[in-house]
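Hi everyone, thanks for coming. I'd like to walk you through a structure today, so please have a look at the screen.

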Amino acid sequence: MAHSRIMELASQAEKEGITLGELLARDLTSEEMDAVQAELVRDISEGYRDISDFMKDVEVPSIDELLESGPEDWFDLLTDDDYELSDSM
């Protein structure tokens, strides 16, 4: 909810030709700003946890491994049966 509220306020600020900071200072009490900030912190933390959960099983080669590989290695990777190529982006 904090994200959607911030987006609403940003849109309103743009329509009024003022900065989001000016709008927040004008329209929100310090308690409301604290509540929005706390909710944003929770949302961002949840996002980081989701990314961490997704990435925990992803194997990423080191830069040295990437630099040491040649064109034939890339071709082998792309034609490996373990990897399914997709034409969607």
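From the N terminus on, how do the elements of the protein run? They run α-α-α-α-α. That gives 5 helices and 0 strands. Please keep in mind that this is a predicted model.

A few overall values to begin with. The protein has 89 residues, and 10% of them count as buried. If we take contacts between residues at least 6 apart in sequence, 32% of them join residues at least 24 apart.

Now let's turn to helix α1, which covers residues 2–16. Its 15 residues reach 21 Å from the first C-alpha to the last, close to the 21 Å expected at 1.5 Å a residue. Which residues of α1 are buried? Those are A2, I6, L9 and A13. Looking down the axis of α1, you find the buried residues within an arc of 65 degrees, so they line one face of the helix. They pack against α2, residues 20–27, and against α3. On the face turned away from that buried side, α1 carries the exposed residues H3, E14 and K15. After α1 comes G17, with a positive phi near 75 degrees.

Last stop: the surface. I44, Y48, I51, F54, M55, V58 and V60 make a nonpolar patch of about 760 Å². One of these, M55, is found in helix α3, which covers residues 30–55. Why does M55 count as partly exposed? Because its relative accessibility is 37%, and partly exposed lies between the 20% limit for buried and the 50% limit for exposed.

Definitions and conventions. Residues are numbered from 1 along each chain as its sequence is written. This is a predicted model: local features need pLDDT of at least 70, side-chain atom pairs count only at pLDDT 80 or more; totals for chains, interfaces and linings use all residues. Side-chain values use heavy atoms; hydrogens and water are left out. Patches are made of residues with over 30% relative accessible area and no salt bridge: like charges are joined within 9 Å, nonpolar side chains (Val, Leu, Ile, Met, Phe, Trp, Tyr) within 5 Å. Accessible areas come from the Shrake-Rupley method with a 1.4 Å probe; for residues, only the protein chains shown count as cover. A salt bridge is a side-chain nitrogen of Lys or Arg within 4 Å of a carboxyl oxygen of Asp or Glu. Helices (H or I, at least four residues) and strands (E, at least two) are DSSP runs, numbered from the N terminus. Buried means under 20% relative accessible area, exposed over 50%, partly exposed in between (1.4 Å probe, protein chains only). The expected span of a helix is 1.5 Å times one less than its number of residues. The arc is that of the directions from the helix axis to the C-beta atoms. Contact means heavy atoms within 4.5 Å.
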